[in-house]
Amino acid sequence: MSRRYDVAVLGLGAMGSAALYQLAKRGAAVIGLDRFAPPHALGSSHGETRITRQAVGEGADYVPFVTASHRIWRELEAETGETLLNACGALVMAPGHGVSSHHGKPDFVGRSISAAEGAGIVHEVLTGAEVARRFPQFLNLAGDEKAYYEPGGGYVFPERCLAAQLGRAEAAGAEIRTNCAVVGLQQDGSDVRIDTAEGPVLADRAVVAAGAWTAPLLGSPFDRLLTVRRQLLHWYALADETAYGPHSPVFIWMYGTSDTEYLYGFPPLDGSIKVATEQYSTTTSADGVERRVDPSESDEMYRLRVANRLASATPEVVQAAACVYTVTPDRGFIIDRHPAMDRVTVVSACSGHGFKHSAGIGEAVAAELAGTGGTVDLSPFTLARFS
């Protein structure tokens, strides 16, 4: 413990790398700790691409985060020369009649439209017939679908985003220790002590952004609030990539009434298309999750969700991967002080829709810890809502 830090950031995935970068930019003496060497494929911040959309159907409280994130990605692109954000457009579609839900929010398309109108986000409202004309890669539409199209949406490259932020953080003076597991955390007065496999680290404050490892590290109340779910990503070969045309958006396609009757996907890259869905019935753990994707799982995904919906997609699996979602009871985020350690801020449980917000959340958390005053209201993300 030869050096004391202003802030220690535990976990350097989406949220941790963003917080570390923003704190280092502000001149704080910071250290980032991770049990692996990010970017890696063992948590939630990988898989080549992640959807971003500024009108967030999960709630208007999220809009400031993703808006800030888009600005930050562009700033990082200018600084690093790396491509981080592809604004190819985002399409969110649901049945034109009956009920539908996504991330626990009914009428998700309507909520997205309302968020766009409230924040002045450029968008269009389309029917299924209009979607079919503009984007013929989507097959077997009923014609009466209700769709939200956001031309400024698209996708980010998660591994590149992490690498860019960690690189800029280090350039600004942050210390980064990878392959360094945190085994304990405690606060004594104004001291926060982080016990690691390499010895203790002492800091004035700590940010815990450990994702699926948060509950095992912190215990109560997080052990009863956070659930880890295994999710699968699939890349299928395309018979004809030109079927998607020059302007192919990312998409969220709700075709049934439940949160699991949908699929999401991306424009073609290198002759294949990446698609996925979500499941909320089977739990796992950060260290116990099955990381291998059985070929039968990709076969089932293709048969039930892809074959009759996406033009030119073949059953040939180019790649498959597993990731983990850490989910709260209301599928919202937690951004709050630890109830028993007021110098520890917990930033975790992104419930499957966090990466698009991560850069903005890192900025908001850094502003709060630096005492410079942020413009984003963090009160909707406190632990108090679960009490």
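Reader: Which residues does UniProt list for "domain: FAD dependent oxidoreductase" here?

Author: The UniProt record, an unreviewed entry, lists residues 6-367 under that domain name. Please keep in mind that the structure shown here is a predicted model, and that the end C-alpha atoms of residues 6-367 lie 14 Å apart in it.

Reader: And how much of that span is helix, and how much is strand?

Author: Residues 6-367 are 26% helix and 32% strand.

Reader: Which way do its residues point?

Author: Val250, Ile252 and Met254 point one way from S16, while Phe251 and Trp253 point the other way, and all of them are buried.

Reader: Which strands are joined to S16?

Author: On the one hand there is strand S5, residues 90-94, which runs parallel to S16 and is joined to it by four bridges; here Leu91 has Phe251 as its bridge partner in S16. On the other hand there is strand S17, residues 262-265, which pairs with S16 in the antiparallel sense over four bridges, and in that pairing Trp253 has Leu263 as its bridge partner.

Reader: Changing topic, what is the order of strands in the open sheet of three?

Author: The order in that sheet is S3-S10-S4, and the pairing is antiparallel. Between S4 and strand S10, which covers residues 154-156, there are two bridges, and Tyr155 in S10 is the bridge partner of Asn86.

Reader: Why is one side of S3 and of S4 left without a neighbour in the sheet?

Author: Strand S3 (50-52) and strand S4 (85-86) stand at the edges and have a single partner strand each, so one side of each has no neighbour in the sheet.

Reader: One more thing: how much space lies in the second largest pocket?

Author: The second largest pocket holds about 360 Å³ of space. It is lined by 17 residues, of which Leu232, Thr277, Gln279, Glu297 and Glu300 are the closest to its centre.

Reader: What kinds of residues make up that lining, and which element gives the most?

Author: The lining divides into three nonpolar, nine polar and five charged residues. Strand S15 (227-238), strand S19 (283-284) and helix H8 (295-306) each supply at least two of the lining residues, and H8 gives the most, with five.

Methods: Residues are numbered from 1 along each chain as its sequence is written. This is a predicted model: local features need pLDDT of at least 70, side-chain atom pairs count only at pLDDT 80 or more; totals for chains, interfaces and linings use all residues. Side-chain values use heavy atoms; hydrogens and water are left out. On a 1 Å grid over the protein atoms alone, a cavity is a set of points where a 1.4 Å probe fits but cannot get out, and a pocket is an open set with protein on both sides within 12 Å along at least five of seven lines; lining residues have an atom within 4 Å of a point. Grid points are joined across faces, edges and corners, and a volume is the space filled by probe spheres set on the points. Ala, Val, Leu, Ile, Met, Phe, Trp, Tyr, Cys and Pro count as nonpolar, Asp, Glu, Lys and Arg as charged, and the others, Gly among them, as polar. UniProt positions are given in the numbering used here, feature names are shortened, and annotations may be inferred rather than shown by experiment. Two strands pair if DSSP finds at least two bridges between them. Buried means under 20% relative accessible area, exposed over 50%, partly exposed in between (1.4 Å probe, protein chains only).
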